[in-house]
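Hi everyone, thanks for making time. I'll walk through one structure today, so let's get it up on the screen.

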2 protein chains.
Amino acid sequence: MATAARSSPSWHVLLDLAGRRGALHQRLTSALREAIRDGRLPLASALPPSRALATDLGVSRWTVARSYTQLAAEGYLEARTGSATLVRWAPDSAQRTRTHQLPPAERTPPRYDMTPGRPDLRAFPAARWVEAIRQAAATAPPDQLGYPDPDGSAVLRGVLAEYLDRARGAAAAASDITICLRAAEAMTRVCRALIADGVRSVAVEDPGWRPLGEIAAAAGLGVVPLPVDDQGLQVAHLRAHPEVGAVCVAASHQFPVGAVLSPGRRAALLGWAKDTGGLIVEDDYDAEFRYDRPAVSTLQGMAPGRVFLLGSVSKTLAPAVGIGWVASPPRLTSALRAATPFPLAPPTVHQLALAGLIESGAYDRHLRAARRRYRDRRRAVLDALASQLPGCQVTGAAAGLHVLLWLPGGTDAGQVAARAAQRGLLVTDLDRYRAEPDPDHPGLVLGYGNLADSVATEAISVLAGVIRS
Amino acid sequence: MATAARSSPSWHVLLDLAGRRGALHQRLTSALREAIRDGRLPLASALPPSRALATDLGVSRWTVARSYTQLAAEGYLEARTGSATLVRWAPDSAQRTRTHQLPPAERTPPRYDMTPGRPDLRAFPAARWVEAIRQAAATAPPDQLGYPDPDGSAVLRGVLAEYLDRARGAAAAASDITICLRAAEAMTRVCRALIADGVRSVAVEDPGWRPLGEIAAAAGLGVVPLPVDDQGLQVAHLRAHPEVGAVCVAASHQFPVGAVLSPGRRAALLGWAKDTGGLIVEDDYDAEFRYDRPAVSTLQGMAPGRVFLLGSVSKTLAPAVGIGWVASPPRLTSALRAATPFPLAPPTVHQLALAGLIESGAYDRHLRAARRRYRDRRRAVLDALASQLPGCQVTGAAAGLHVLLWLPGGTDAGQVAARAAQRGLLVTDLDRYRAEPDPDHPGLVLGYGNLADSVATEAISVLAGVIRS
């Protein structure tokens, strides 16, 4: 039942070859394919003989024959010797006839971005980073451009071992450091290593950075929230949970409470690990930013055989860089690496660029400048809070990229955050970081990392207006 | 039981401050920490009063006091007013006393790298790629440096929608394209979407690229191997497996057999999907490299509602770049994205750099040059095989980065590969890609992507020598 399409006068309208890229036969192929796909050339239509179509379109017969052969190989056409070439395929009803290729609308950045955990993206050292990439790409042996070493670049691991020792008092050999895609993938791997080691439940800080618990739960681990106070994780609560085999803790700067784990609690936690054979997952997410004194060094340095140390450059450079790492207890390193059939190491060139940045001292210089900037911005935010919301308590060590603002009892923090958002100010309800909402103790987490200095006071005015209204 | 350490004459030997980085108090802190960690300052040792140690070391008393306070906060020391400062912590026996920070030995690249699937790493357009990154970093709004959009950069998705339509005859809206970390993560996400859609078993090609099945199995899916011949996947075998809900297929160029799925099989597979509601996972891993004619366009373009299309730049640029993607049936896009709590999108700057490379035409130019290079290298390898191993059959379309060499019956392909490796030649036993070894049909997969042109003939001589010996 072949429709006679040959006599149609519209072939050069139907098959518009202008505005397409590629060789003539490729343009004809894609024009024919499109006409079949969108139903203009329906199933069982007969195409003109190649000589006729060539004359119609003003192209060579070879061009038409090549297109017909191609589309026959793809199953769109059937070419039979001595007979008309037929359309053999039709879009099924599930297929949309037009492809919409418009990218989704760009998000407009908020006027006052106080999203916790976001560093100053305007201060990303783009020129230095690109230069480091250029050097890495120019000097890396071609071998380094293949599939990344699943454990991470040996060069970066060596540099990180030295850096973590020097800057974070860590004690990890390069051979026990594994490069991951941000801290999230590091945690995914840690969970699998924990499971391989027989751990069934992990404790997490409450309030805390929820993704750690979510990743653990997704991996099949039980998750036990433990309370936090102004000395950090309340380690004594572990006694009530003998099922817990590992504890996640941000010892240097708790998120979002901002506490530093006290010396007594540090000793108690290490003691728990020693006595029970338990493991610790130390989330060292923003320890580089302490403003009143050097950051306390890692728990990992005191018990490298019992602590996984998670770190990344998401706060120090930018999340977009994507490089994270985990230093693992030596006996669990192979379990951590074996756990993932396809480790998702970040691009090797990036890893080498970071190694270069650290080795050259540029990373330390960037951190020093960032520390000054955040310290000043923190002070501006605290001053504005003290003058505009004198009734609200603020907690947290002079560290990191956020403060915790306690609201008067009875305030609906979620509603405050929603109303602030309507006025262009992004802040986060403390309940978002809690295992269960606690309406008796409402609070907001205010990130100042990505807040422009010029609008810090203004942002707090907006917040004060919302809270008072 | 405080040991009297005060009178020790060796404090400036014990606490070597030279050769450390940072402010004086930081250097003293880390020297003390190290001495405690490696046991030179044992548990319960008394430290000298700050004034005395300051005099000994020739530093200010403030410097010493600050170090003591820091180490007390970290739990290494205990400072008690009016009494000696004591070491409060000792390394436990599980801790190694010395950190070895030497990076592991570098791998030496093989003389003849015929590892399948590896593109020409020496031809990576490093300068162009770095320039694209520079432009992306210079022009991207700071917002783009935050945590990557989990679906991928809107800019890249729009550019890819257009590219996949033009170059691969695909029909995917930008909104149904998701950027992933290489094809491996794309497959991980596809598996979760399949499970969410009720699929319990997937069919894979046998022989085939094993990771697809391994990822599926790791995700909890049943895996059914289906045979392949010179027309590609033997689709008719699906009839015997009603439990299969999705089929993985490299339609444009089967790995490792090198077949192109025939028009009849394409129609049969699409018919299976339509009749059973089944899904297809099309692994478009190296379709850009077809040497005798344009590559057949994707199955996805014929049934976008039933096909996941996987792609990446691992073959076209380098695996180290890390960017992959999946175009999903529109009704499954949200399941694919919801499936991962922490999507591992590659760095945004890289995504924007790739978008720029494609938009500017540089990507197409690179592909054209690469196609010429691989075509010539393939011919050199085939010529050498024909003259040196005339008894061995070679199969595979004029496409991709590998050929399949059949060995005489009775040859132990694994042993040939092992002996070749001893002579610096990396080739792969076909059995590595089979569900079960098939000693009656031994073969080797020879990748020529990363083989230097100058050694192509030499490499085949080495291989011929090994096979004949």
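Let's start at a proline: A:Pro256 sits in the loop between strand S9 (244-249) and H9 of chain A. Helices here are DSSP runs of H or I with at least four residues, strands are runs of E with at least two, and both are numbered from the N terminus. The peptide bond leading from A:Phe255 into A:Pro256 is cis, with omega near 5 degrees.

Before I go on, the housekeeping. This is a predicted model, so to speak of a local feature we need pLDDT of at least 70, side-chain atom pairs count only at pLDDT 80 or more, and totals for chains, interfaces and linings use all residues. Residues are numbered from 1 along each chain as its sequence is written, chains are lettered from A and ligands numbered from 1 in the order in which they are written, and side-chain values use heavy atoms, with hydrogens and water left out.

Back to the backbone. Most residues other than glycine have a negative phi, and most peptide bonds are trans. Chain B has a cis bond too, joining B:Asp206 and B:Pro207, with omega about 0 degrees. B:Pro207 belongs to the loop between S6 and helix H8 (210-218) of chain B. And then there's A:Ala44, which is not a glycine but has a positive phi of about 75 degrees. You'll find A:Ala44 in the loop between H2 and S1 of chain A.

That S1 takes us to a sheet. In chain A, three strands make an open, antiparallel sheet in the order S1-S3-S2; for two strands to count as paired, DSSP has to find at least two bridges between them. Strand S1 (46-47) and strand S2 (77-78) of chain A are the edge strands with a single partner each, so each has one side without a neighbour in the sheet. S1(A) pairs with strand S3 (residues 85-87) of chain A over two bridges, and A:Leu47 stands opposite A:Thr85 in S3(A).

Now over to chain B. Which order do the strands of its eight-stranded open sheet follow? They go S5-S12-S11-S10-S9-S6-S7-S8, with mixed pairing. Strand S5 (177-181) and strand S8 (232-233) of chain B are at the edges with one partner strand each, so one side of each has no neighbour in the sheet. Strand S9 (residues 244-249) and strand S10 (residues 279-283) of chain B run parallel, joined by four bridges.

Helix H7 (residues 182-196) of chain B lies across several strands, including S5, S9 and S10 of chain B, and runs at about 125 degrees to S5(B). Those angles run from 0 to 180 degrees between N-to-C directions, using axes fitted to C-alpha atoms, for helices over the stretch in contact. Helix H9 (residues 263-276) of chain B packs on the sheet as well, touching strand S7 (222-229), S8, S9 and S10 of chain B, and its direction makes about 150 degrees with that of S9(B).

Last stop, the interface. Here 103 residues of chain A are in contact with 101 residues of chain B, contact being heavy atoms within 4.5 Å. The two chains bury about 8,500 Å² between them, 58% of it on carbon and sulfur atoms; that's the accessible area (1.4 Å probe) lost on putting the two parts together, summed over both.

How many salt bridges are there between chain A and chain B? The count is two, where a salt bridge needs a side-chain nitrogen of Lys or Arg within 4 Å of a carboxyl oxygen of Asp or Glu. Over all chains, the whole structure has 42. In one of the bridges, B:Asp165 meets A:Arg37, with the closest N and O atoms 3.5 Å apart. B:Asp165 is in helix H6 (residues 154-168) of chain B and A:Arg37 is in helix H2 of chain A, so the pair joins two chains.

That's my tour, happy to take questions.
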